[in-house]
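Please examine the structure shown below.

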Amino acid sequence: MDPKELPSNIREDKISEETKKLISSLPSHIDYQGHKLCKYQGCWYYYNTLQGVLNFQRGFQPHDTDIIIASYPKSGTTWLKALTVALLERSKNHSSDDADHPLLYDNPHGIIPFLEIDMYHESSSPNLAKFSATPRLFSTHMPLHTMHKTLKHSPCKIVYVCRDVKDTLISCWFYSTAIYKIEPTRSVLESMFKDLCDGTNYFGPFWEHLLSYWRGSLEDPNRVLFMRYEEMKAEPRDQIKRLADFLGCPFTKQEEESGSVDEILDLCSLRNLSSLEVNKTGKINNVDHKIFFRKGDVGDSKFFLTREMENKIDMVIQEKLQGSGLKF
Ligand code: PAP
């Protein structure tokens, strides 16, 4: 595959001489497609992503009202972004059936870009003119500790969504093979499974990722909201109200009575978003929008992982999360 057809975050064409030097001193790993990763501040990145992380750390100036949507990849980011946009659009008097609603014209990832992947991947001082409205909405797959220094004195809000890691593995298997335009074979799955368990995958180890936000949410629950994909699926009304409360835009009694909660859930449903023209045909960073929408089922992994694979992941989770209070 021509490297230019790859998403830019996987490539290694944006790294500075200084970053090259840094990379030569870091632990390294190669993924199943031969792409190189390195471990920086406890987390594995493809080289261009590392450059984006460094640029972010150097240049990002948080505003008090910023909102950052954070996640480990394939945990429900697209859904959470859509819900956040829809909740905040209410203050602009946009109801979910307005013809000019932003979700009808752009993919949630286009509306809320990733800091390290989209915004800071080329420079530590990107043009933020597009972000003049308040609150500014950003997203990230970086672990919380990597943003610690940059956000230390900021009261900005962070919403983290996590998901059963077995389901994220299967979701990632289908997503990454779709990007590379290869078959989702067993041998690819086995290789991704090994990297996941060894903690050597992109944005891994997953347990460090989960724990950084889990601890952050315990230390400062007004600043970090910890959500779960499975709870959002099981009790969507309660979870969207929880999100609205945290973001400081709770539903009024009148809104609840007029069905506004369900309208937003319908607008942001996988079925609805994936049926929109913009998500059937558009692209972001060389990735077809439609690849972000697949099944969205809880427990899908049981159809693809062997019992041994499930047991191994469960064992790793149990061992690594022990004593943290975080359970799956
Ligand atoms: P990202 O890390 O690339 O941003 P992310 O959105 O976190 O991906 O995860 C994609 C998963 O969320 C997919 O799960 P699956 O592969 O198991 O099906 C995708 O189907 C699911 N998803 C996307 N949009 C929605 C939605 N509106 N509601 C529920 N699940 C969704």
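The following paragraphs proceed from the whole protein to its details.

This is a predicted model, in which local features need pLDDT of at least 70 and side-chain atom pairs count only at pLDDT 80 or more, while totals for chains, interfaces and linings use all residues. Residues are numbered from 1 along each chain as its sequence is written, and side-chain values use heavy atoms, with hydrogens and water left out.

**Overall form**

Along the principal axes, the C-alpha trace spans about 55 × 45 × 45 Å. Of the 328 residues, 56% are buried, where buried means under 20% relative accessible area, exposed means over 50%, and partly exposed lies in between (1.4 Å probe, protein chains only).

**The ligand and its shell**

The ligand is surrounded by 21 residues, the closest being Thr77, Thr78, Ser171, Lys295 and Gly296. By class, the shell has 8 nonpolar, 9 polar and 4 charged residues; Ala, Val, Leu, Ile, Met, Phe, Trp, Tyr, Cys and Pro count as nonpolar, Asp, Glu, Lys and Arg as charged, and the others, Gly among them, as polar. Helices α3 and α15 (270–275) each supply at least two residues of the shell, and α3 gives the most, with 3 residues.

The table lists polar contacts, each a pair of N or O atoms within 3.5 Å.

| Residue (side-chain atom) | Ligand atom | Distance |
|---|---|---|
| Thr78 | oxygen | 2.4 Å |
| Arg163 | oxygen | 2.9 Å |
| Tyr229 | nitrogen | 2.7 Å |

The protein covers 97% of the 650 Å² of accessible area that the ligand has on its own. Such areas come from the Shrake-Rupley method with a 1.4 Å probe.

Helix α3 (residues 77–89) has 13 residues, which at 1.5 Å a residue should span 18 Å, and its end C-alpha atoms are 18 Å apart, which agrees. The expected span is 1.5 Å times one less than the number of residues. Because 13 of the 13 residues of α3 are buried, this helix is largely enclosed by the rest of the structure.

Helix α10 (residues 206–219) reaches 20 Å from its first C-alpha to its last, close to the 20 Å expected for its 14 residues. This helix is mostly covered, with 10 of its 14 residues buried, including Phe206, Trp207 and Trp214.

**Backbone geometry in loops**

The peptide bond from Gly204 to Pro205 is cis, with omega near -5°, and Pro205 is placed in the loop between α9 (186–198) and α10. Another cis peptide bond, from Thr134 to Pro135, also has omega near -5°; Pro135 is in the loop between α6 (115–119) and β5 (137–140).

Gln41 has a positive phi of about 45° although it is not a glycine, and this residue is in the loop between β2 (36–40) and β3 (43–46). At 40% relative accessibility, Gln41 counts as partly exposed. Lys181 likewise has a positive phi, near 55°, and is found in the loop between α8 (165–180) and α9. Lys181 is exposed, with a relative accessible area of 62%.

Definitions and conventions: Helices (H or I, at least four residues) and strands (E, at least two) are DSSP runs, numbered from the N terminus. A residue is near a molecule or strand if one of its heavy atoms lies within 4 Å of it. A polar contact is a pair of N or O atoms within 3.5 Å; within protein, one must be able to donate a hydrogen and the other to accept it, and residues adjacent in sequence count only if both atoms are side-chain atoms.
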